[in-house]
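Student: I have a structure open and want to learn to read it. Where do we start?
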Amino acid sequence: MRIAVVILNWNGEVLLERYLKSVVDYSADAQIYVVDNASTDGSVAYIKKNYPQVTVIVNPDNGGFTTGYNQGLKHIDADIYCLLNSDIEVTPNWLEPIAELFNTNKEVAIVQPKILDMLKKDHFEYAGAAGGFIDRLGYPFCRGRIFQALEKDTGQYDDTVEIFWATGACMFIKKEVFWELKGFDETYFAHQEEIDLCWRAKNKGYKIFYTGKSKVYHLGGSTLSNMNPKKTFLNFRNSLFSITKNLPRRRALILIFTRLILDAVAAFRFITQFKFRHVLAILQAHLSFYVHFRKMYRKREKVKFTKNYYQTKSIVWSHFVNDIKDFNNLVKD
């Protein structure tokens, strides 16, 4: 299969200087592209000078993660797209297990490798870890990462298993599937757009896998840190978008009402921590959700919505009440 490794960049010259070399050195069997979101630094000039073998596609403006990839991928011909963050260091032979999985299982549409922390290499990284899941209320979590609790990598996730969502930090997806799904939903701008994409793929009957035979290291937080109020806004709003679009109508409406209550609890928790900007971010997230509700509701597709979408009833209860920090200690419901 022809694999295109596609890195989305916006003013990331420093990151390209650090991490592009590993991608070039260890991706001999792939074509490498950088899709630039109208950077104003020296990113494009740096690539053209130091890595002439890398193809640069320059977008007319910065449309964020979603629009950036949708625009750039239109110009790339390959069987498999690898969407790769610019702050990721890949490892030798990282592509072989991925290609093998696609070749041996034709039902697989999306694959994610093991994501480890660049700064603490024996621990999983926040964005994706060992594959993503959601709970019954639509809250996302990962094998190897529950909220801010990151597990040490002791080989417990060296397997190859089906998951619910793959991280956009390093996601392999069949070109035909990406465009059948009409790419990323650009209303999201960034954050949780990959969960929506994977959820829509699941609703169409495609399978998503994780393989621990391939690993990469992710710096994380290069665009927005985990506790940035803007990220809080996007995560809370976009999660409601995904519920609206991807569940049966009655179930979606019940969950939206439930999430409104739980998000109010989250806001109160931020108040007790004196994180008032995050409280404002949650309020803004809900206002934006209300404004976009009709638009998102109309995006619901005529598909057989998957009923087995959740891994556990409440990751919030499991983590904050029962103090469960490891995925393997969760009770599957």
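Tutor: Start with burial. A residue is buried when its relative accessible area is under 20%, and exposed when that area is over 50%. Keep in mind that this model is predicted.

Student: Then is Lys174 buried or exposed?

Tutor: Lys174 has a relative accessible area of 11%, so Lys174 is buried. The residue sits in strand 12, residues 170-174.

Student: Which residues is Lys174 in contact with, beyond its neighbours within four places in sequence?

Tutor: The partners are Asp79, Ile80, Phe102, Lys106, Val108 and Ala109. Sequence separation is another thing to check. Lys174 and Ile3 are 171 residues apart along the chain, yet their C-alpha atoms are separated by 9.2 Å.

Student: How do I read a nonpolar core?

Tutor: In soluble globular proteins, nonpolar side chains tend to be buried together. Here, the largest nonpolar core has 65 residues. Val6, Tyr69, Leu73, Ile76, Ile110, Met171 and Ile173 touch the most other members. Helix 6, residues 193-203, gives the most to this core, with 5 residues. A second, separate core holds 32 residues, including Leu20, Ala30, Trp94 and Val216.

Student: What is Met171 in contact with?

Tutor: Leaving aside neighbours within four places in sequence, the contacts of Met171 include Tyr81, Cys82, Leu83, Ile110 and Val111. Ala166, Glu194, Leu197 and Cys198 are also among them.

Student: What about nonpolar residues on the surface?

Tutor: Look for patches. Phe268, Ile271, Phe274 and Phe276 form a nonpolar one on the surface. Together they have about 480 Å² of accessible area. Phe274 lies in the loop between helix 8 (249-272) and helix 9 (276-297). With a relative accessible area of 65%, Phe274 is exposed.

Student: Stay with helix 9. Is Ser288 buried or exposed?

Tutor: Ser288, found in helix 9, has 12% relative accessibility, so Ser288 counts as buried. Beyond neighbours within four places in sequence, Ser288 is in contact with Phe233 and Arg237.

Methods: Residues numbered from 1 in each chain as written. Predicted model: local features only at pLDDT ≥ 70, side-chain atom pairs only at ≥ 80, totals over all residues. Heavy atoms only, no water. Patch = residues over 30% accessible without salt bridge, like charges linked within 9 Å, V, L, I, M, F, W, Y side chains within 5 Å. Areas by Shrake-Rupley, 256 points an atom, 1.4 Å probe, with all protein chains shown as cover. Salt bridge = Lys/Arg side-chain N within 4 Å of Asp/Glu carboxyl O. Helix = DSSP H or I, 4+ residues; strand = E, 2+ residues; numbered from the N terminus. Buried < 20%, exposed > 50% of the residue type's maximum accessible area, 1.4 Å probe, protein only. Contact = heavy atoms within 4.5 Å. Core = buried A, V, L, I, M, F, W, Y, C linked by side-chain atoms within 4.5 Å.
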